[in-house]
Amino acid sequence: MSRPLARNSSGLRPFIGPAIILLAALAAVAPQIFRGNTCGHDFDFHLVSWFDALRSWHEGILYPRWTSSANFGAGEPRFVFYPPLTWMLGAALGAVMRWKLVPIALTFMLLAGTGLAARALARQALPNGPATLAGCAALFSGYTLYTAYERTAFGELAGGFWIPLLLLFVLRDCNSVASVWRRAFDGSAVPLAVVLAGAWLSDVPLGIIASYLLAGMALIAALLWRSWAPVLRASAAACLGLGLAAVYLVPATYEQRWIDVREATNLGYRIEDSWLFARHASQALELHDLELFKVSAIGVTMIAVALAGVLVSWLRGGLPGQLRRWLPLALIPVAVLLLQFPISMPVWDALPKLRFLQFPWRLLVVLEAPMGIFFASAVWVVRLRWRFVVLFACAAVFLAATITAGFNFFQACDPDDAVWAMVDAFHSGAGFEGGDEYAPPDADNSLIAMNLPEACLTASSSTVLGQGPDGADLEWSADQKSCDATFPAFPHADKPATDHLSINAVTNHAGYLILRLRSYPAWQVRVNGELVRTQPERADGLMAVPVPQGLVNLTVNWTTTPDIIVGRLLSALALVLITGLCLLERKLSRPQLI
């Protein structure tokens, strides 16, 4: 009877580490389970995206481009520009559970992914025990919990999963006597391409970070291995990974000219505004400085823990693996630290698109797994008695981190931001505020009034719709007499409402129908069957369609622009090439017959 028990115990051993990570992730979201959702900086943005994505799926649109509830029902092309993985995952969770549970479930999944990926990277050089501890340390790191609780930046939180996997595959060791081709394509190139695509499809700053990290680690590995294999592997993975993500990247890049993308790098969102512990005289940056101080303290702590872990492990002779295994990871905290100071400004200016990170401290996502690995390597002890003491102390530290997140990082929801209130606002059709960076060039989101009719007849295309006190949102009502007549929109039986608008009207004079729809070049407008090629611009960015007197049939349809077709074709081609590379790697990884 004892042998089967021993065999079963041995069979369960590989699952103990992952199970501990899952329990740790559950503990990390415990404050939200007991206190409710944390309404962090990006909470409303993500929740609205999930609402609109799920509605589009119900209408048969698998990859929506337009969020119709933004700008109080006028919409915006958010899904063209914000990467799809997290809003699709949030919408999928919303289809099977209550909305107030979706943010908590998604946070749990991303935190668990962070711990499991960091553990997988650590297992390349550490035993199961310290590797699991490394995963927990990454999961409970200050930046991970800050991103989860105070920022609720789900796209960036996914970086805790993608970055360790990228490091795992780009630094994977291989047979030093094999050919360059066999060393490069040892089974790592395909997953590396998928990881890079996943980073870009989760968050744009994360994709930029992952791309430069891939290039840097490949060059360092090439120098340490004295082989071009890491560079060859990384180059192939970069091309195929970007190709896989082309279905999103090509439209997002090409169509930037159609929106006010400058808003993403305005005052407060520039690299030079967020150096470590910086302070500014401008009152406009007062709240920014408070957040910067908090995240700077987190960054300094994480860098100090990582470097101290390297030093202690080196003094103990316990660095994880050979030099070429731990040195690239040890260089990460040094590089992250240097990039937090003005002396690094030439780097930020020289490297393309690096300024789109907006904040230098976003690089802390790269530090989570290496910090966890060096921390675990430094504190792990062989003697079982002292090991329990160490693990108890680590558990206390992780508990303290969770309590800090639950009280200091947790953002209580205002009544209007509570999930139930936002669900009610969504179903009522009232809509929500939009993103300034997704507005048409030179349009002002603050000029869009609430409660607008779907179509408003005016004599002038520049008629102001809506009134309100200074500093408050505008609101339209019929007694303002800004509309000579209003008309409803009708759904089309064969077309989804999100991508189609149809209005039948009888106008008593020629003029303009101002639609509760944001202007965007992908919309095709027809009046009585004739294509409308030009429309006057409005300060609020709404469509102003010229119409004649009498019977008017107006249709607006979302069109598939050429850049979207190009992106789909490139992704399809990349998928074919990845399939071929997968077969090639399987062939090259087979043992050679002598």
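## Stop one: a lysine and its partner

Start by selecting Lys 294, which is partly exposed because its relative accessible area is 25%. Keep in mind as you look around that this is a predicted model. Glu 150 itself is buried, with a relative accessible area of 1%.

How many salt bridges does the structure hold? There are 13. Let's visit a couple more.

## Stop two: a buried pair and its network

Next, select Arg 362 and Glu 156. They form a salt bridge, again with a distance of 3.0 Å between the closest N and O atoms. You'll find Arg 362 in the loop between helix H18 (345-350) and helix H19 (364-379), while Glu 156 is in helix H9 (residues 154-157), so the pair ties together parts 206 residues apart in sequence. Are these two buried or exposed? Both Arg 362 and Glu 156 are buried.

Now jump to Asp 186 and Arg 233, a salt bridge whose closest N and O atoms are 3.4 Å apart. This one links distant parts of the chain, 47 residues apart: Asp 186 is in the loop between helix H11 (180-184) and helix H12 (189-200), and Arg 233 is in helix H14 (residues 229-244). Asp 186 and Arg 233 are buried too.

## Stop three: a covered helix

Select residues 159-170 to bring up helix H10. Its 12 residues reach 16 Å from the first C-alpha to the last, close to the 16 Å expected. How many of the residues in H10 are buried? The count is 11 of 12, which leaves the helix mostly covered. Click through a few of the buried ones, including Trp 162, Pro 164 and Phe 169.

## Last stop: a nonpolar patch

Select Leu 23, Leu 26, Ile 33 and Phe 34, which make a nonpolar patch of about 470 Å². Helix H1 (2-28) and helix H2 (30-35) each supply at least two of the patch residues. Zoom in on Leu 23, found in helix H1: this residue counts as exposed because its relative accessible area is 58%.

Methods
Residues numbered from 1 in each chain as written. Predicted model: local features only at pLDDT ≥ 70, side-chain atom pairs only at ≥ 80, totals over all residues. Heavy atoms only, no water. Helix = DSSP H or I, 4+ residues; strand = E, 2+ residues; numbered from the N terminus. Expected span 1.5 Å × (residues − 1). Buried < 20%, exposed > 50% of the residue type's maximum accessible area, 1.4 Å probe, protein only. Salt bridge = Lys/Arg side-chain N within 4 Å of Asp/Glu carboxyl O. Patch = residues over 30% accessible without salt bridge, like charges linked within 9 Å, V, L, I, M, F, W, Y side chains within 5 Å. Areas by Shrake-Rupley, 256 points an atom, 1.4 Å probe, with all protein chains shown as cover.
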